[in-house]
Amino acid sequence: MPRAAELKKGHIVQVNGQPYIVSNIDVKSPSSRSGTTLYKIRLNHVQTKQKLDQSLTGDDVLAPIDFQKRAVQFLYQDADGYTFMDNEDYAQYTLSADQLEDQLPYLCDGIQGLFGLIVEGNLVGVELPAVVEMPIEETPPAIKGSSASARTKTARFATGLEIQIPEYLETGEVVRINTDSGKFMSRA
């Protein structure tokens with residue numbers, strides 16, 4: 001059974017007999033010596049997407065729920081949503097844009113390392129890899145001799161994601177992006 005201090009974004013837990021997925025964790029450290037650290041956790045119901053906010057201490061225990069974590073592949077996007085395929089049994093699942101709101105900027109063709117979270121035979125969410133590689137769609141021209149400076153410029157990607165990159169990078173180059181922080185890591 002996971003304790004509140006061990007929870008991470010994307011974990012699935014049981015609250016009041018219902019499956020919820022952790023969407024946000026905010027840690028509040030007390031200023032006094034005897035105070036306990038509080039974890040403000042935002043949960044979304046797996047099927048209804050209803051939000052639930054809870055404040056827990058680090059030692060509070062949440063009930064786990066039976067789910068599978070399987071490798072999936074992003075196939076395509078259409079009017080119904082985003083379609084994924086299970087790599088083992090080739091079953092296809094569709095998720096709406098609301099279910100993927102934080103992951104949408106990182107979903108590009110050919111993305112590797114995706115995992116689907118399956119509860120009771122239904123795909124309820126997707127877990128992104130820690131790092132994605134994406135080609136730069138649009139950015140101002142590179143400035144010669146700027147590799148020694150720490151200045152940045154904005155780059156836009158095909159998914160609509162915009163991040164700050166070093167000035168020496170050009171349109172078309174493939175870069176590595178951290179999906180947790182949304183920051184540039186390196187060239188691919």
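What percentage of contacts in the protein between residues at least 6 apart in sequence join residues at least 24 apart? The share is 41%, where contact means heavy atoms within 4.5 Å.

The legends below describe a predicted model, in which local features need pLDDT of at least 70 and side-chain atom pairs count only at pLDDT 80 or more, whereas totals for chains, interfaces and linings use all residues. Residues are numbered from 1 along each chain as its sequence is written, and side-chain values use heavy atoms, with hydrogens and water left out.

**Figure 1. Overview of the protein.** The protein has 15 strands and 0 helices; both are DSSP runs numbered from the N terminus, strands (E) of at least two residues and helices (H or I) of at least four. Along the principal axes, the C-alpha atoms fill a box of roughly 60 × 50 × 25 Å. Of the 188 residues, 37% are buried. Buried means under 20% relative accessible area, exposed means over 50%, and partly exposed lies in between, with a 1.4 Å probe and protein chains only. The protein exposes about 11,100 Å², of which carbon and sulfur atoms supply 45%; accessible areas come from the Shrake-Rupley method with a 1.4 Å probe, and for residues only the protein chains shown count as cover.

**Figure 2. The open sheet of five strands.** The order of the 5 strands is β4-β3-β2-β1-β5, and their pairing is antiparallel. Two strands pair if DSSP finds at least two bridges between them. At the edges are β4 (51-57) and β5 (63-64), each of which pairs on one side only. Within the sheet, strand β2 (residues 18-28) is joined to strand β3 (residues 38-45) by 8 bridges. I25 has I41 of β3 as its bridge partner.

**Figure 3. Strand β11 and its partner β14.** Strand β11 (residues 131-135) presents V132 and M134 on a covered face, while V131, E133 and P135 lie on an uncovered one. In a regular strand the side chains alternate between the two faces of the sheet. β11 runs antiparallel to strand β14 (residues 174-178), and 5 bridges join the two. The bridge partner of V132 in β14 is I177.

**Figure 4. The nonpolar cores.** A nonpolar core is a set of buried Ala, Val, Leu, Ile, Met, Phe, Trp, Tyr and Cys residues joined through side-chain atoms within 4.5 Å. In the largest one, which has 28 residues, F84, L114, F157 and I177 have the most contacts inside the core. Two or more residues come from each of β6 (68-78), β7 (81-86), β8 (92-95), β10 (122-127), β11, β13 (162-166) and β14. Another core, of 11 residues, lies apart from it and includes L7, V15, L56 and L62. In soluble globular proteins, nonpolar side chains tend to be buried together.

**Figure 5. Surroundings of F157.** When neighbours within four places in sequence are left aside, F157 is in contact with M134, P135, I136, E137, I163, V175 and I177. Among these residues, M134 belongs to the covered face of β11.

**Figure 6. T83 in strand β7.** T83 is found in strand β7 and counts as buried, at 2% relative accessibility. Not counting residues up to four places away in sequence, T83 touches Q73, F74, L75, Y76, Q92, Y93 and T94.

**Figure 7. The salt bridge of R3 and D59.** The structure holds 11 salt bridges, each a side-chain nitrogen of Lys or Arg within 4 Å of a carboxyl oxygen of Asp or Glu. In one of them R3 meets D59, with the closest N and O atoms 3.7 Å apart. The pair links distant parts of the chain, 56 residues apart: R3 is in the segment before β1 (12-15), and D59 in the loop between β4 and β5. R3 is partly exposed, with a relative accessible area of 32%, whereas D59 is exposed, at 59%.

**Figure 8. The salt-bridge network around R70.** R70, D86, E88 and D89 are linked in a network of salt bridges. The side chains of D86 and R70 meet at 2.7 Å, N to O. D86 in strand β7 and R70 in strand β6 are 16 residues apart. Both are buried, D86 with a relative accessible area of 0% and R70 with one of 17%. The closest N and O atoms of E88 and R70 are 3.2 Å apart. Because E88 lies in the loop between β7 and β8 and R70 in strand β6, this pair ties together parts that are 18 residues apart in sequence. E88 is exposed, with a relative accessible area of 58%.
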